[in-house]
Amino acid sequence: MTTPLTDNDRVATAPQATGLLWFIQACNRFFFAPADPLPLGVIRICTGLLILYIHLVYSFDLLALMGPQGWVDKATIDHLRLDTTFAAPQADWWYEASNEPYAVGYQTWSVYFHLTDTSAIITVHVLFLLAMALFTAGFATRVTSVVSWIAMMSYIQRAPTTLFGMDTMMNILMIYLMIAPCGATLSVDRWLQCWWARRRGEQMPPVEPSVSANFTLRLMQIHFCFIYMMAGWSKLQGSAWWNYTAMWGTMANYEFAPMNWGFYHAFLVWLCQHRILWELVCTGGCLFTIMLEIYFPVLVWVKQTRWLMIAGAVLLHTGIGLIMGLATFSLLMMTLVLSFVPAETMHSLVDRLSGGLRRAPGILYGKPSEAEPANPMLTAQS
Amino acid sequence: MTDEERAKPSRVLTTVLGPLVLLLGAGGLTTAGLGLIKLGESAYGQTLAERNLSPIPLGISLVVLGLLVAGGGVWWGVHKVGDTLYDRLFPAACCFLGAVVALLSAWAFSAWGSLSLLFRGMVLVGCVGAVLVLLPTILRRLAILFLLLLHFGGIWMASTSAPVPSGQPAWIPSAMWTVCYRPYLCFMYLNNAYHFYSPEPGPANLLWFRVEYADGSARWLKLIDREDCACRLQYQRYLAMTEMINQNQPTNMQKIAALADTRRLAGEVDNIPLYPDADLTIQYREPLPLAKVYLQSYARYVARTVKHLEKPETPVKFIKVYRVTHDIIRAGDLAYHASPTDPALYYPYFVGEFTPDGQLRDHRDNPLYERLTQDPYLYWMIPVFRRPKSPNPIGGTVQLELVDCLSRHAGDSPVPEWKNAPPTFHQDPLPDDLNERLGVPDPRKQLRGDAKDKQFGGAGNPRKN
């Protein structure tokens, strides 16, 4: 008896084609070849920890930002989301004023639009934090990922004046993690799955490579490339990026840069006192930023330059985090960069990090018996 | 009977019956919740609410629980999609049942419009998911790629429909954004253009509020000081809040020129000149209507929360708000140990004096401004700058003195340290007859409209009109 071929097998064993057929096969391989979900597990943990921290910080100003009498009060937010009008696109060269707007209101939603009671706001906040903690741990991940995204969006839409790039990146990660099998590994779900199998006397199920893992990693990669491309292109509009002084605008912006730190201030003064060095630093910084942002979307797909691009992106975001104080934004960007790191590299990294845990009863891997592979979840290869 | 065959009934139990029970249970919970919510919204429910017996909270809890259970059911039912149509029918049915639960939830939350929108979005996702699961693999992949193109097409439109420096955004992306993608991008919060630090990194903007109380005292609230924040992220959030006010309307030179006349006259009266050697288009920055709406809301919040330090019950009378651009220090200045917090690096714009309910104060309270259409300082830069202490320095080091018009305009200094700066020029108000003595038309008379040479086209006093 022969095992019937799956579609993936058919695609994998298809003869090499040319032209359009080759393109279709390449697209199919690119998006739909099964992949190891381990990178998604790592990305889930990083994202989960970050969103948990970000939303925990809301606790300091919960009522000031989410309450009906907050900085943006209920009347204002209702007016903005319900009464904002959009004009129709001008279909002619001459402007014709129309009394009828093309559309009214934003399609935004938030639990906090409707909560007016202080205790209800606090209760919902605590429940949302709980959902995020469960998502981070990988418990009922398919459900808690959606709840966490709904929670995150509720804060974003309710306090639109407090948003910056960090919220955008957080949202992008959560959207893709919702459709990804990010709880398949390094999660409580996985531990429960192993526990259930052991209880029934079955072998511990392996972590199988999946199409959805590859697909969502590809989405993250494409989105990241798009972000870099637009950021790089848009910088070409500014004169400060052409005369290489833009770097100074980020390094010496008192409200962002740590200029209140004595050593940083002293360093900047010293740098300014050495004009040629100052020019070299600013020029180098500007060129590095622009070149990386423009060429990353191309060179990251080339095997030989991939690590260079990944290292460049990590370096750039470390700089942004340290100099501009945008630590959470930078960490989220680095989390997105993780989607480019091959699963094999993650395996060795996770192996190294979890060495101690495997010797003890490991919650990450279930409790593999002597006879079973020590680390069945890490045997799956893309 | 082999082990595999013996295991079959239990597999059917877990792969079919389990999800089905969960989804049907979720449907039951949601229906019960829906019933309770509708009961609470009825006239009888209002009577119950008066006795603190409203069934709405219980109904909401049941609906939320139903949704969570439905999520679990869909997850369980869909996690294995087979290759044959028969194997795909059940997962598709699970998706569809999930969509039904979301539809019931949308109905239950119909009074909470935005949440109803969320659940309608879930219905769409459930239905599309059911269709995708039903399709054979090749068609499913094509459909997914089509959805992918739509998704990234929307992100492209959001990115390219953003305004470009001194120009209009591209027509096609703008039209596509308005007509096709707006609901999707707003719903998913994917509207960012990713133009980070472009065209170039600019200075940060702060908001300074001067709260004046009924007893005549005042205190300042400054958004935002690092020291006031528990962590860096909280500080960043507040910086974003102040930055939101820095969205300005395009410059209309004719309007600015007209407003500049009254600004100059008022400045002569109050000894608050225009910023020397700076273009008027930089000195007048009227916020966009959206930023004005936010400003009003901020003012209301400040009025509610910033209490009098000694007598908290003292009501707030007015709130003056300044958007303060904190410029980036030049490298050449820093090399000579200039301070990045030098007062001259702060460029305050007066963005309005508000009543506690967030309305702009009627500028006609000042008899001088009765004939004007708006406060002559509104949206103008209130200069804080350094200038040579001696008008005609003869060699040697030029000593600079601080000209702090912000303190003069606000009534007191927002930064106590500025008071220790060298004395500013013209500390005393202009004598009433100074202009007459010098043969210059009195700006007070011109503002009032008493002068023979009417500056304002004889518009008269709008209050009298």
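1. In this predicted model, strand E1 (residues 204–213) of chain B runs antiparallel to strand E2 (residues 218–223) of chain B, and six bridges join them. Within this pairing, Arg210(B) faces Trp220(B), which belongs to E2(B). The two strands make a hairpin that leaves four residues between them. One residue of the turn, Gly216(B), has a positive phi of about 90 degrees.

2. Chain B has 465 residues, of which 34% count as buried. When contacts in chain B between residues at least 6 apart in sequence are considered, 64% of them join residues at least 24 apart.

3. Helix H7 (residues 171–188) of chain B deserves attention. At Tyr181(B) the helix bends by about 80 degrees, and Pro183(B) follows within four residues. Directly after H7(B) comes Tyr189(B), with a positive phi near 55 degrees.

4. Which residues of H7(B) are buried? They are Met176(B), Trp177(B), Tyr181(B), Arg182(B) and Leu185(B).

5. The contact between the chains involves 75 residues of chain A and 68 residues of chain B. On the chain A side, helix H10 (residues 211–235) supplies the largest share, seven residues. By residue type, that side of chain A consists of 43 nonpolar, 26 polar and six charged residues.

6. The domain assignment divides chain B into domain 1 (3–134), domain 2 (140–188) and domain 3 (204–428). Taken over C-alpha atoms, the centres of domain 2 and domain 3 of chain B lie 39 Å apart.

7. As to confidence, the model scores ipTM 0.88 and pTM 0.88. Chain B has a mean pLDDT of 85, with 85% of its residues at 70 or more. Two stretches of chain B call for caution. Over residues 422–430 of chain B, pLDDT stays under 50, and the model has 14 contacts beyond four places in sequence for them. Residues 451–465 of chain B likewise stay under 50, with 17 such contacts.

Methods
Residues are numbered from 1 along each chain as its sequence is written. Chains are lettered from A and ligands numbered from 1 in the order in which they are written. This is a predicted model: local features need pLDDT of at least 70, side-chain atom pairs count only at pLDDT 80 or more; totals for chains, interfaces and linings use all residues. Two residues are in contact if their C-beta atoms, placed from the backbone, lie within 7 Å. Ala, Val, Leu, Ile, Met, Phe, Trp, Tyr, Cys and Pro count as nonpolar, Asp, Glu, Lys and Arg as charged, and the others, Gly among them, as polar. Two strands pair if DSSP finds at least two bridges between them. A residue is buried if 20 or more other C-beta atoms lie within 10 Å of its own, exposed if 12 or fewer, and partly exposed in between; C-beta atoms are placed from the backbone. The bend at a residue is the angle between axes fitted to the seven residues ending there and the seven starting there. Domain bounds come from an automatic or database domain assignment. pLDDT is the predictor's confidence in each residue, from 0 to 100.
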